[in-house]
Amino acid sequence: MDVEAADEGTLGKILVPEGTADVAVNTPIAVILSEGEDKSAIKNAKLSELQKAAEGPPPVAAPAVKASEAPKQEVKTPAAPETKVAADPDIPEGTEMVTMTMREALRDAMAEEMRRDKDVFVMGEEVAEYQGAYKVTQGLLQEFGPKRVIDTPITEHGFAGLGVGAALAGLKPVVEFMTFNFAMQAIDQIINSAAKTLYMSGGQMGCQMVFRGPNGAAARVAAQHSQDYSSWYSHIPGLKVVSPSNAADAKGLLKAAIRDPNPVIFLENEILYGHSSPVPKLEDFVLPIGKARIAREGKDVTIISWSMGMSYALKAAEELAAQGIEAEVIDLRTLKPMDTETIVASVKKTGRAVTVEEGWAQSGVGAEIAARLMEHAFDYLDAPVVRVSGKEVPMPYAANLEKLALPSSAEVVEAAKSVCYR
Amino acid sequence: MAVAKKTQGADDKEAAAPNGPIADFTKQQELDAYRMMLTIRRFEEKAGQMYGMGLIGGFCHLYIGQEAVVVGMQMAMKEGDQVITGYRDHGHMIACGMDAKGVMAELTGRAHGYSRGKGGSMHMFSKEKGFYGGHGIVGAQVSLGTGLAFANTYRGNDNLSVTYFGDGAANQGQVYESFNMAELWKLPAIYVIENNRYAMGTSVNRASAQADFSKRGLSFNIPGVQVDGMDVRAVKAAGETAAEWCRAGKGPYILEMLTYRYRGHSMSDPAKYRTREEVEKVRTTHDPIDMARARILEKKFATEDDLKKIDGQVRDVINEAAEFATHDPEPDVAELYTDIYR
Ligand SMILES: Cc1ncc(C[n+]2csc(CCOP(=O)(O)OP(=O)(O)O)c2C)c(N)n1
Ligand SMILES: [Mg+2]
């Protein structure tokens, strides 16, 4: 039973005896003496009067609890611990930059980690002999053999669970989903087993593993093959979620993901696989999980995105520059834990924010960013945060409808101008 | 009606064409089956061409080589029976009597496609023809097909559902969850496993501990047989046995169709996992359409000229469908937000 008293003071007289059952709410159960009053005040008052007084203002006693129950000390929920994330490593001057596709960068990351740690292995549909449905695991079977590069049957729920089990036993699986659409078959194992076991076991056993594969829309593959799962996985405590947009980030972050002691969801993008960009040629290039990257500096509006959304964002920024608006573009790179600090710092500077994602708006990552900005930068916002997102429809197949369903750089430009009141 | 018999040869399917019962086809049946198989083949060839021309996008899985399976099964079914399959679905739709024009227009993503352009190659449906899709998620149709059978039992009608899935799909967990329920509740479900020897680039033996898929229902007490899926008559005979079993209220039945796909998994398949010779061998010695044609001529059900005439008629149907699908407009943009709720 809860104790509640509207007035401060000391307990003067108990009106309802200890142990009385079924005391109606709002029945006076005790008289509170305020400072200076003494017990004689009660002696002189009749119970009926006291009760009457309790019904109308000013209240003599607020509804309280059975006297036997001492007022409980309220237990405060501790604040969630802050995660401190290191900055990107310095790239020494004169480091050679090698231009490669995101596909090659991902492959190199896996190969390097497999050379470094014999507990790392790769598993999934068509990853070995076929060299990967999208050729991301090209050459791995040849270098590491069938023990460490394993073709599975089409059994997502089974092999995801098997991967979690292997990780609980200390191995470090990299589980490839041909696309994340098919990971819906496996999502129970990812969430109920991979994400929660560390906690449920009181920290005894967790799983150091990566679930990776293409996420989001490819081209013309319709509703069951085009979904963006960014917000799904970033909802889950115990998972980390990474989603890079270029080759260097892909390499540095996949290496980090494989080394991270937690289950990491690594969301790639089929369309980006073939995109080339420079990657520093370093012995061991690892990037911090949880750190966003300023992809373009600007002072007028902050555009926040990741993965494929960065293509729309950067193109829009160029367009905006031509119209005299300098957009700052943030590539989140990691969705969980989210780098609120970088977003907030930028918005404190620009006062305006637009989020860009392929996924649906409701309960999306953009919604999360907007909420964080409200919490941490409300006074700095000069306009409401605007979300550019995929339209809330299953992805249509028809070319004209598909184009409309996806976000576009034109929509980003429009949104940025609207928050700048232009 | 012949009795279903188990045959062997899981590891070397090629050598072991099962010697199950062969239906005795009348002239009309031979000619109908021939025409239907040919229609599917020509449709798929045309779809392949149109994909090459950029008229079809995304994934497009052709059924060429497997035509006898769906045509034979359809001959064993009756009005009101339901059909459901995966993404390699064009043949199934045509065999169900769906209009080639509407199927092709869906492939090109146009307004008069079966899903108004919104579903594409992998996701098409026709309530009228009892075709329940068209599903892009490997294995998902197996539980759905079991549900169709459940609805028949629930309603107490005499219909059954035919659920098609691949050798690869046969390894999904929900297949076995469905098998268990289907047998437990004696649902009228025919599970047709189209074993075309590959799931994308993975051969059956690299993915399946038990490669004789007719045995996959053993631990649930579901009977199963291997069938020569290249012979439309064998398919029909097996289909009838299974249908009789289901309609007698004895529960589900598994038919493993030994078949082969000639083309790549989808349009972008380098096909390095098998040799040209392997494909050529099946094509030249086991082609379901060539074999039907040879039988027709041999039994003098038709002359070369008669068959040429059929070929011409089939070509016309397909050309007309292609023409329609090329010129049909794209869906109205207002369609973006329709059909999400009703
Ligand atoms: C759940 C799921 N996993 C993976 C895929 C990708 N995929 C599409 S078809 C296919 C192979 C299926 O092979 P099989 O069942 O033998 O059918 P076939 O293509 O030979 O007709 C795969 C892996 C998918 N669509 N759905
Ligand atoms: Mg197959």
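This is a predicted model: local features need pLDDT of at least 70, side-chain atom pairs count only at pLDDT 80 or more; totals for chains, interfaces and linings use all residues.
**Entry 1: the magnesium ion**

I started with ligand 2, the magnesium ion, and looked up what holds it. Asp167(B) (OD), Asn196(B) (OD1) and Tyr198(B) (O) coordinate the ion at 2.1 Å. Along the sequence I wrote the donor spacing down as D-x28-N-x1-Y. Asp167(B) sits in the loop between strand E2 (161-166) and helix H6 (173-184) of chain B, and Asn196(B) in the loop between strand E3 (189-195) and strand E4 (198-199), so this pair ties together parts 29 residues apart in sequence. I checked burial too: Asp167(B) and Asn196(B) are both buried.

**Entry 2: where chain B meets chain A**

Next I went to the interface. Chain B puts 40 residues into the contact and chain A puts in 32 residues. Together the chains bury about 2800 Å², with 60% of that on carbon and sulfur atoms. On the chain B side, Ile137(B), Arg206(B) and Leu336(B) lose the most area to chain A, together 21% of what that side buries.

Which residue does Arg206(B) meet in a salt bridge? I found Asp151(A), at 2.9 Å from N to O. Helix H4 (100-107) and helix H7 (204-207) of chain B each supply at least two residues of the side touching chain A. I also noted the classes on that side: 17 nonpolar, 16 polar and 7 charged residues.

I picked out a few in chain A.

- Asp249(A) pairs with Arg293(A), closest N and O atoms 3.0 Å apart. The pair links helix H9 (residues 247-259) to strand E11 (residues 293-296), 44 residues apart. Asp249(A) is buried at 4% relative accessible area, while Arg293(A) is partly exposed at 22%.
- Lys349(A) pairs with Glu328(A) at 2.7 Å between the closest N and O atoms. That joins helix H11 (residues 340-350) to strand E13 (residues 327-331), 21 residues apart. Lys349(A) is partly exposed at 47%, but Glu328(A) counts as buried at 2%.
- Arg352(A) pairs with Asp382(A), with the closest N and O atoms 3.9 Å apart. Both residues are in loops, 30 residues apart. Arg352(A) is buried at 17% and Asp382(A) is partly exposed at 46%.

Salt bridges that share partners also join Glu112(A), Glu113(A), Arg116(A), Lys251(A), Lys255(A), Arg259(A) and Asp284(A) into one network.

Key:
Residues are numbered from 1 along each chain as its sequence is written. Chains are lettered from A and ligands numbered from 1 in the order in which they are written. Side-chain values use heavy atoms; hydrogens and water are left out. Donors are N, O and S atoms within 2.8 Å of the metal (3.2 Å for Na, K and Ca); water is not among the atoms, so sites may look incomplete. Helices (H or I, at least four residues) and strands (E, at least two) are DSSP runs, numbered from the N terminus. Buried means under 20% relative accessible area, exposed over 50%, partly exposed in between (1.4 Å probe, protein chains only). Contact means heavy atoms within 4.5 Å. Buried area is the accessible area (1.4 Å probe) that two parts lose on being put together, summed over both. A salt bridge is a side-chain nitrogen of Lys or Arg within 4 Å of a carboxyl oxygen of Asp or Glu. Ala, Val, Leu, Ile, Met, Phe, Trp, Tyr, Cys and Pro count as nonpolar, Asp, Glu, Lys and Arg as charged, and the others, Gly among them, as polar.
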